[in-house]
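Here is a short tour to read alongside the viewer. Please keep the model open as you go.

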Amino acid sequence: MFGYHGRYLRVDLADGTNEFVPLGEDVLRRFIGGAGLGTYLLHREAPPGVDPLAPDSPLIFVLSPLVGTPLTTSAKFAVVAKSPLTDRVCDALSSSHFAIAAKRAGFDALVVTGTAAEPVVLVIDDGQVSVRPANELWGLTPARAEAQLRATLGPQFHTAVIGPAGERLVRYATISHESRHAGRGGLGAVMGSKRLKAIAVAGTQRVEVADPAAVVAAAKDLSARSFGPATAKYRELGTVANLLAFNRFAALPTRNFQQNTFDGAESLAGENLMATREVARESCAACTIGCEHIYRVNGSAGGGQVRIEYESLFALGPLCGVSDPNVVLTAARACDDLGLDTISTGATIAFAMECAERGLLAAPRLRFGAGDTLLELIDRIGRRNGLGDLLAEGTRRAAAEIGGDAPSFAPHVKGLEIPGYEPRALQTMALGFAVGSRGADHNRSGAYEADFSERANRLEGSAASARLAVETEDRAALLDSLILCKFLRGVFGDLFAESAELLSRVTGWAVTGDELRETARRIVTAKKLFNVREGWTRGEDTLPRRFLTESLTSGVASGATLPLERLNAMIVAYYSARGWNADGTVPDRLVAALSLEDLQESGLARVPSCP
Amino acid sequence: MKRPAESATRVTIELFGVPRVRAGLRACEVTAASAGEAMAALEAECPALAGCVLDDGWPLPAYRLSLNGQSFITDRSTRLAPGDSLLLLAADAGG
């Protein structure tokens, strides 16, 4: 077998046992790796109805056939589990040396179950597994824990760790690696529930590829293309470039989605941050793009540094009504140190600010624009202190607790807080949010690309939006399973055909673009089947009432509305385009056509371990 | 979007992200009757955009052109009206 070890490692932290489990070519070809293979393993390993924070709930780290090759942006891994925020499937991706080291440790995926009696670190050294006490690491920031572990174990080890938020089961805690985060859906809380502070991996087990010369040639070609115009945005400014453009298009969520433009946008603009604060640009391992822009926090040498993306900038800035870049950058660094998803953190605080201004929460200092209160609340959330304990539950649960009208403006889908795309101003994206298996999600649906093009009327979505949403979702499913970075997507002419060629050179399989299109559809539907198994209902595929009843008030989108009837028409068309039933369930004939029958037998239907 | 033909008139081009950084301009005014004429005028005024943002007087596929933030245009012959704004930004709107 080329490109794979052909096995995954299962570790039970309750008793420290471990075993290697074979992965056959049939499974690997159907699900590739990353999010796809992780979804398959989640079906197999998660007991139906399991509490995401219970010992039996599996936490799954998944690599891919491309990891370890010289293909640019391929050093990525997926973390997959049932989300404690949404109670639905969740896959979150991260990058860099951990992926390469984990693959060299000798497995294609790692499944962690059970709960340790005390804080532990899971060490996997060339296939040898040990579970070691980690009491001295508990409470440390991710960066400090990583540094301490590498100092102890050696520089050949790379680590995935949780911060204080994960230890305290904040439902949107992240898993961190070298300041990057598998961020969405609270997988850090799943790790914390197992008292697993960190996973450290190292190894020497290289995986052969089918045609090494062809892979090198493809890597050179892809790297050359990655230096072109399609990635210039990421190299030169990073994703923070979105902020001013979104503001001009009246699509910048502001003050908990009450407004769609922000007066303070200029002060937070990526263009201004670059001119006044940027100190360095970095890249993940095996990446030629280099999208990470590092900024001085206080505009001076003594204030520290932080990298920031558009999503963090929007969520901790305009969404909370904060325009001071010092506050926003400090807030982003605090989230990094605690191990908090910045989107959910900012959205939950913005929601609380609106609750306070409406009198639903007795918190007189909690007001839009109050930067000191924002910083204080981030710390309280990470430590589950006072009001932070309630907000650590996320907007859906907090709204239910607060009561009154709060659920109507809690900004989430399926419990996952909405990213920085105003749904009423980007209505193909609104559909992508509503139907997303992970909840409101800009990384699993890139439907905003249609909104920012001539292919869709972004202010008046229609049934025609459905195919555009499906198309971007399928592309994301493929990229997340290969795994290649989405920032590379613009360099491909035909993503599916070119990916098939790459995969063929690595695995030796005669893969075609059409096969990968079907694979992408299979993966999206496999996620849906998991959600159905876990209790999904049609009512989950929607947006909060605010978005369906209130019109936009400013800028070029002023007056735009998204009536429920329009959204429902788009959703029905989406189900049809996916081949699903009108009620959103998956017909048996499609399950068979996509070769997904074995998933319906899943739930502790574990395959035998390797001898 | 086809619009009634008009004589050449002043329109504003707003630049976002890489186009803004490369050109060193937030916006500029040009005289143009069509989107194609406007982009050609921009390329003449900001040579730094040639080859990396604009090619032969039109945005590369990695960039998008919006008319007044209301629609996106791909046709050089799209007619412009007095006071129109053309917004030039990266095609990869996400992050």
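Let's begin with a pair of strands: strand S4 (residues 76-82) of chain A and S5(A) pair in the antiparallel sense over seven bridges. Two strands count as paired if DSSP finds at least two bridges between them, and helices (H or I, at least four residues) and strands (E, at least two) are DSSP runs, numbered from the N terminus. This is a predicted model, in which local features need pLDDT of at least 70 and side-chain atom pairs count only at pLDDT 80 or more, while totals for chains, interfaces and linings use all residues. Residues are numbered from 1 along each chain as its sequence is written, chains are lettered from A and ligands numbered from 1 in the order in which they are written, and side-chain values use heavy atoms, with hydrogens and water left out.

**The sheet of chain A**
- Contact here means heavy atoms within 4.5 Å; axes are lines fitted to C-alpha atoms, for helices over the stretch in contact, with angles from 0 to 180 degrees between N-to-C directions.

- Strands S7 (residues 120-125) and S8 (residues 128-133) of chain A run antiparallel and are joined by six bridges; A:Val123 stands opposite A:Ser130 in S8(A).
- S7(A) and S8(A) make a hairpin with two residues between them.
- A:Leu482 and A:Ile483 are joined by a cis peptide bond with omega of about -15 degrees.
- A:Ile483 lies in the loop between helix H21 (465-482) and helix H22 (495-507) of chain A.

**The sheet of chain B**
- Chain B has an open sheet of five strands in the order S2-S1-S5-S3-S4, again with mixed pairing.
- Strands S2 (27-32) and S4 (71-72) of chain B are at the edges with a single partner strand each, so one side of each has no neighbour in the sheet.
- S3(B) and S5(B) run antiparallel and are joined by five bridges, and B:Leu65 has B:Leu88 in S5(B) as its bridge partner.
- Helix H2 (residues 35-45) of chain B packs on the sheet and touches strands S1 (9-15), S2, S3 and S5 of chain B, its direction making about 125 degrees with that of S2(B).

**Where the chains meet**
- The contact takes 27 residues from chain B and 32 residues from chain A.
- Together the two chains bury about 2,500 Å², 58% of it on carbon and sulfur atoms; buried area is the accessible area (1.4 Å probe) that two parts lose on being put together, summed over both.
- Four salt bridges are counted between chain B and chain A, each being a side-chain nitrogen of Lys or Arg within 4 Å of a carboxyl oxygen of Asp or Glu.
- A:Arg248 forms a salt bridge with B:Glu14, and their closest N and O atoms are 2.7 Å apart.
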